[in-house]
Amino acid sequence: MPFLRILLVRLLTTAITLAGVAVIVFFVIRVVPGNPIAMMLPPGATEDDIARLSALYGLDKPLLTQFGIWVAGVMQGDFGTSITTRQPVLDLVLGRLPATLELSIMALVMAMILGGAAALTGTRFRGGRTEGAIDVANGMALSVPDFLWGLVLILLFGVLMPVFHISGRVTPSLELPFTTNFYLFESLIRLRFDLWADLVAHMFMPALALAIPLAAIIGQLLKQSLKETMNLDYVTLARTKGYGETRVILREALRNAALPTLTLVGVQFTFLIGGTVIIERLFSYEGLGNMAIDAVINRDLPLIQGIVILFAVIFTGVNLIVDLLYTVLNPRLRHG
Amino acid sequence: MSFLQVRNLSVRLKKGPPLLRRVSLDVAAGEVRGLVGESGAGKSMIGKAVLGILPPSIEVTEGEILLDGVDLLRLPLAQRRRRIGALCALIPQDPLTALNPSHRIGPQITDRLVDILGWTRADADRRAGELLAEVQIPDPDRVLRSYPHELSGGMRQRILIASAFAAEPKLIVADEPTTALDVTVQKQILKLIAGMQARHGTALLFVTHDLGVVSKVCQRLSVLYAGMVVEDTSVADFFAAPRHAYSAALLAATPKYTDPSAGLIPVPEAVISAVQAEVAAFDRSVAHG
Ligand SMILES: Nc1ncnc2c1ncn2[C@@H]1O[C@H](COP(=O)(O)OP(=O)(O)O)[C@@H](O)[C@H]1O
Ligand SMILES: [Mg+2]
């Protein structure tokens, strides 16, 4: 069973990766200057006040001891308490995670649709002007980073033609009947399409900004791969059977050409998730990334640790899913 | 009127030298025509032109390809593909690359029947089972559900042969269908193709560089050199007395028909330069109108 073996190996490497991330983040954020306690106290607080509060949060102990306490807590599912909000880090982080996941997945879907359409159209009309135009558009999409696309989109659809919301996750005055923080998903389940539309109108621009560079990568890779596949013998044989070129691309070439693209998309998707940090800030979207920036500004050490660990879990999770998908889609691996 | 008539077909690499030089050949209904010539002579190019699968870098500069009286080169692409799909089929050279790795065998045999010819799925599936039995594949049901990588090269070539005959085409192009196979399997596959052709009465354009094969399966023969047909004759006449010096040299170069122990006799220099002069003269006559 290659499936199980892959899973086991990946779980093991994931554990090692996470341990490494935990060590690095813990010590790095304590080496950089900036005292969280001093930041939370009003100006004019005495040295005594600072010392008292530091003791309360355990920040007076030696670094290694602090690390030991933190790791022991994490093992039991306790990620500590946020210094700024005094709420459990785990609750804060898990509360924000759905917003970021929904944004990232929306962006991924957009990127696959846009990139897939570009690749298929470029392959269908390869060697002509259409393909040239698609290559130019791809190049442009790639040469501008996601947050600049965010600014461009804000100017276009927030200011010039205000069709989408430029800030927040949902219109604040709306009554939300949700029991989870997966608003977009839950609005569909509850058939509240009014809320769904409002959520999409908020999410559209940040998701598109994240999607554009990834769409360009998918478009280029998949087109390259499709064009190579279109010269293979089994594709030629399908042409002799009477199929038109579009059918041949979709039916014979797409699946085989998509396989090599898939792994690279997995890596690129983790970059996209990394991009949510700045994009969420830009669009005041209440997700993990936005919270991460606040946490860094306030030197909220336990919260930073929690967020970084969670991002690491997401990244390795994405890579695991891609590997498993690759096995599922490739019959040669499935039975081998 | 022959089912396939190729008339004065010339193709070239776009803006490049000619690859086929006014090739003409006929394949009558139910007839087997061999197409021989050394590697690079343009045998596959003729097959590709007939099946409408010339690479995009290659253009037809003149000629006609009449399939059942209709010139394929005058049809719009979609119509040409459909006509070819309905009337012709290809047995490819390399069975290892000619099947789609991500589809099961069954749909790769039945796709044309269902999608192009409008059969019901049930009829097509039954037909696929019968065909696999006809090409002597044990346990057809299991094979139909398999993926290509689970089957041997010989098995896959049997499947491709079955697939070629599935729609009862009027013409099959077989492009060196045994060269990529194990020597031990080659004979069986050859016999299989010959047997299927005879039973189904399909016309066959058989590309090969092996005159031994020609003598076994073909009735007529075209000898190709540098994209030019140097001889078009019946197989019986050819083996009795080839007319063109190059054909004669080719025949002499085939060990089985002289002395098997003698090995390969290369085509003599003099013959090569004579036929090359012929090609050059042809190109000059084309250039001067
Ligand atoms: N895709 C291609 N692009 C350019 N030249 C080609 C291509 N395919 C074949 N040729 C050239 O056309 C000539 C005939 O090739 P082919 O028909 O494959 O020969 P063969 O008789 O061995 O089947 C050769 O000189 C070959 O180099
Ligand atoms: Mg060839």
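Helices (H or I, at least four residues) and strands (E, at least two) are runs assigned by DSSP and numbered from the N terminus. With that in hand, let's look around this model.

This is a predicted model, where local features need pLDDT of at least 70, side-chain atom pairs count only at pLDDT 80 or more, and totals for chains, interfaces and linings use all residues. Residues are numbered from 1 along each chain as its sequence is written, chains are lettered from A and ligands numbered from 1 in the order in which they are written, and side-chain values use heavy atoms, with hydrogens and water left out.

**A covered strand**

Is strand β3 of chain B mostly covered or mostly open? β3(B), residues 32-36, is mostly covered, with five of its five residues buried. Here buried means under 20% relative accessible area, exposed over 50%, and partly exposed in between (1.4 Å probe, protein chains only). In a regular strand the side chains alternate between the two faces of the sheet. In β3(B), V32(B), G34(B) and V36(B) sit on one side, R33(B) and L35(B) on the other, and both faces are covered.

β3(B) also has neighbours to pair with; two strands pair if DSSP finds at least two bridges between them. With β8(B), residues 203-207, β3(B) pairs in the parallel sense over four bridges, and V32(B) has L204(B) as its bridge partner there. Four bridges also join β3(B) to β9(B), residues 220-225, again running parallel. In β9(B), G34(B) is partnered by L221(B).

**Pockets and cavities**

Grid points are joined across faces, edges and corners, and a volume is the space filled by probe spheres set on the points.

| Space | Volume |
|---|---|
| Largest pocket | About 920 Å³ |
| Second largest pocket | About 650 Å³ |
| Largest cavity | About 90 Å³ |
| Second largest cavity | About 40 Å³ |

The largest pocket is lined by 34 residues, and the closest to its centre are R239(A), I53(B), L54(B), P55(B) and P56(B). α1(B) gives the most to this lining, with five residues. By class, the lining of the largest pocket has 16 nonpolar, six polar and twelve charged residues. For these classes, Ala, Val, Leu, Ile, Met, Phe, Trp, Tyr, Cys and Pro count as nonpolar, Asp, Glu, Lys and Arg as charged, and the others, Gly among them, as polar.

In the lining of the second largest pocket, 21 residues are nonpolar, four polar and one charged. Which helix gives the largest share of that lining? That is α11(A), with ten residues.

The largest cavity has 16 lining residues, and L237(A), K241(A), A98(B), Q108(B) and D111(B) lie nearest its centre. Around the second largest cavity, the lining includes L237(A), K241(A) and R112(B). α6(B) supplies the largest share of that lining, three residues.

Conventions
On a 1 Å grid over the protein atoms alone, a cavity is a set of points where a 1.4 Å probe fits but cannot get out, and a pocket is an open set with protein on both sides within 12 Å along at least five of seven lines; lining residues have an atom within 4 Å of a point.
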